[in-house]
Amino acid sequence: MATLAKAPPARLSELAQGYLAGLPQAAAPRFTMLRKPEAGLVMLRARAGGSGAPFNMGEMTVTRCTVRLETGVGADGAPIHGAAYIAGRDGAHAALAAKLDALLQAPGHADALRRAVIEPLERERKAARAERARQVGATKVEFFTMVRGED
Amino acid sequence: MFDPAPHTDPGPDAGLGFADPVLDAAACFRAILDAMAQPARPVALRRRPTPPAPLPAEAAAIALTLMDRETPLWLDPAFASPAVADYLRFQGGLRFADRLEDAAFAIAPIAAAASLIPKLAIGTAVYPDRSATAVLVADGLESGAAATLSGPGFEAPRRFAPAGADAAFWRAAEANGALFPQGVDLLIAAPGALAGLPRSARIQSAVEQGED
């Protein structure tokens with residue numbers, strides 16, 4: 001879920017389309033929108049330091065969506081619901097993330113979808129984090145070499 | 001602002017909410033406003049959600065339009081089921097009242113109204129707005145015991161006969177009106193239409209003495 005919510009929408013859509021296009025016509029999943037994408041505000045709670053009292057830091061825009069998979073049931077025979085809560089107000093991103101969340105619970109799709117979508121996204125996110133850490137790391141200043149009064 | 005935690009699970013046989021949540025709820029709100037402004041006059045309710053049985057679509061439309069987690073709902077056993085509770089929590093973020101007197105809204109069949117109305121909150125003399133609103137489900141708005149009503153919102157006395165209304169219903173409505181400015185407001189939901197019966201409506205003559 002975190003991977004779906006944090007993925008860049010364009011890349012997520014590209015990978016999802018790639019996976020869905022590879023399915024035979026008969027296996028194409030269908031969904032019912034139980035709750036269409038809707039934007040709202042969520043209060044963020046924060047603490048200043050480990051011993052600080054919690055306070056309301058501010059509100060954040062969140063878009064949520066819930067779908068039901070119509071072309072399959074869970075291992076226990078119950079209907080499969082997919083839900084997504086994403087930061088920001090991109091309804092298409094929330095809808096796609098909710099659909100993929102539902103497919104990831106479907107026995108016939110889970111493993112293939114994990115390989116086709118989730119693993120590449122996780123790899124890319126890790127690489128982006130490492131790249132960012134490298135860029136920041138390059139500007140690190142080694143204070144202990146600045147010693148005054150010698151020579 | 002929505003509250004994500006308590007209503008993320010739609011339940012096993014979930015119905016659907018309004019097709020267009022914002023505009024449909026606004027249209028339904030307008031219908032309720034018209035119904036309350038011109039009491040005892042049927043107002044069409046076209047845009048309805050599809051709730052799970054046994055909750056009627058019109059009652060669900062009113063619930064999704066007016067109620068949220070700050071207005072505890074008391075649901076009559078005739079309309080209560082786990083699927084309905086899941087539906088109202090998921091689509092509307094509703095909270096349920098454990099006791100009838102704590103409810104801000106009640107949904108019940110009109111046959112249960114006579115025993116229900118006296119138990120609902122009527123507000124206080126200082127805060128008459130802290131009263132409950134009852135949504136009464138009827139099969140129609142024409143074929144029951146009739147009463148002639150007048151009061152604010154009536155151009156002329158009007159005859160009103162919701163299906164399922166009987167003498168006991170009109171006695172309860174009359175006793176409720178006598179509490180004014182305290183008292184309960186009634187919304188009568190029939191297939192495709194609703195009518196309002198606010199506490200300000202005066203019941204002139206109950207049971208068939210129409211003065212058309």
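Two strands are said to pair if DSSP finds at least two bridges between them. Strands (E, at least two residues) and helices (H or I, at least four residues) are themselves DSSP runs, numbered from the N terminus.

Good morning. The model before you is predicted, so local features need pLDDT of at least 70 and side-chain atom pairs count only at pLDDT 80 or more, whereas totals for chains, interfaces and linings use all residues. Residues are numbered from 1 along each chain as its sequence is written, chains are lettered from A and ligands numbered from 1 in the order in which they are written, and side-chain values use heavy atoms, without hydrogens and water.

I begin with chain A. Its three strands form an open sheet in the order β1-β2-β3, paired antiparallel. Because β1 (31-47) and β3 (79-87) of chain A are at the edges with a single partner strand each, one side of each lacks a neighbour in the sheet. Strand β2 (residues 54-73) of chain A is joined to antiparallel β3(A) by eight bridges. Opposite A:V67 stands A:G82 in β3(A).

I turn now to chain B. Helices α1 (residues 21-37) and α2 (residues 57-66) of chain B pack with axes 9 Å apart, at an angle of about 105°. The angle is taken between N-to-C directions, from 0 to 180 degrees, and axes are lines fitted to C-alpha atoms, for helices over the stretch in contact. Therefore α1(B) is roughly perpendicular to α2(B) (65 to 115 degrees; under 35 is roughly parallel, over 145 roughly antiparallel, and the rest oblique).

Which residues in α1(B) meet α2(B)? They are B:A25, B:C28, B:F29 and B:I32, which meet B:A61, B:I62, B:T65 and B:L66.

Definitions and conventions. Contact means heavy atoms within 4.5 Å.
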